[in-house]
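Student: Could you take me through how confidence, burial and salt bridges are read from a model of this kind?

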Amino acid sequence: MRQTVIRAAFLAGIILGGASPAFASALDSQLQPVASPIPRETVQFNGREAPGTIIVRTTERRLYFVLPDHQALRYGVGVGRPGFTWAGATHVAYKREWPDWTPPPQMLRRRPDLPRHMVGGIDNPLGARAMYLAGTLYRIHGSNEPDTIGHAVSSGCIRMTNDDVVDLYSRARVGARVIVTR
């Protein structure tokens, strides 16, 4: 029943003009609280990065959102599996609520069984929110597989629980610096 209601709301959003804020709010209300295997917490942070910076430490499988006064929010994340790890500095190019997903050609070559395009929604692998990383094929995004958080399973994207990605999305700005380390 819940899936039917969500799909109907999603189709209504498309017919009425795409992923409107009201549509995104309707989908958000359907998010079930998921007990993250790695709880979000405020921690001491002694880095030199400015508040608003996002730091992903892939070996730790943690993402830090730098706050003022030598603090950060620490989130559990899923990271790239062996052969799909990366490091570097970039920035958030743009953000989307309940984003559509179009697998890149490289992924389709590896996985020809994947759909060529998937509209945003509760069943979409990008989850509730996505922050697109400039100059890369990667995103920081939600996941419809919360059990993958804390593991190295992605094709290079940084996965978060939907609850955590909604929180980060509300804090992070377009243009925010993103540093990914191994």
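Tutor: We will take confidence to begin with, then a helix, then the salt bridges.

Student: What is the mean pLDDT of the chain, and where does pLDDT stay under 50?

Tutor: Since this is a predicted model, confidence is read before geometry. The chain has a mean pLDDT of 86, with 80% of its residues at 70 or more, whereas over residues 1-18 the pLDDT stays under 50, and the model has 19 contacts beyond four places in sequence for that segment.

Student: Which residues of helix α4 are buried, and what do they pack against?

Tutor: In α4, which spans residues 162-171, the buried residues are Asn162, Asp164, Val165, Asp167, Leu168 and Tyr169. Their packing partners are strands β2 (54-57), β3 (62-67), β4 (71-76), β6 (88-97), β7 (129-133) and β8 (139-141).

Student: How many salt bridges does the whole structure have, and which residues are linked in a network?

Tutor: The search finds eight salt bridges, and a network of them links Arg40, Asp163, Asp164, Asp167 and Arg171.

Student: Is aspartate 167 buried or exposed?

Tutor: Aspartate 167 counts as buried because its relative accessible area is 16%, under the 20% cut-off, while arginine 171, at 34%, is partly exposed. For another pair, consider aspartate 113 and arginine 111, whose side chains meet in a salt bridge at 2.7 Å, N to O; aspartate 113 is exposed at 55%, and arginine 111 is partly exposed at 40%.

How values were computed:
Residues are numbered from 1 along each chain as its sequence is written. Side-chain values use heavy atoms; hydrogens and water are left out. pLDDT is the predictor's confidence in each residue, from 0 to 100. Contact means heavy atoms within 4.5 Å. Buried means under 20% relative accessible area, exposed over 50%, partly exposed in between (1.4 Å probe, protein chains only). Helices (H or I, at least four residues) and strands (E, at least two) are DSSP runs, numbered from the N terminus. A salt bridge is a side-chain nitrogen of Lys or Arg within 4 Å of a carboxyl oxygen of Asp or Glu.
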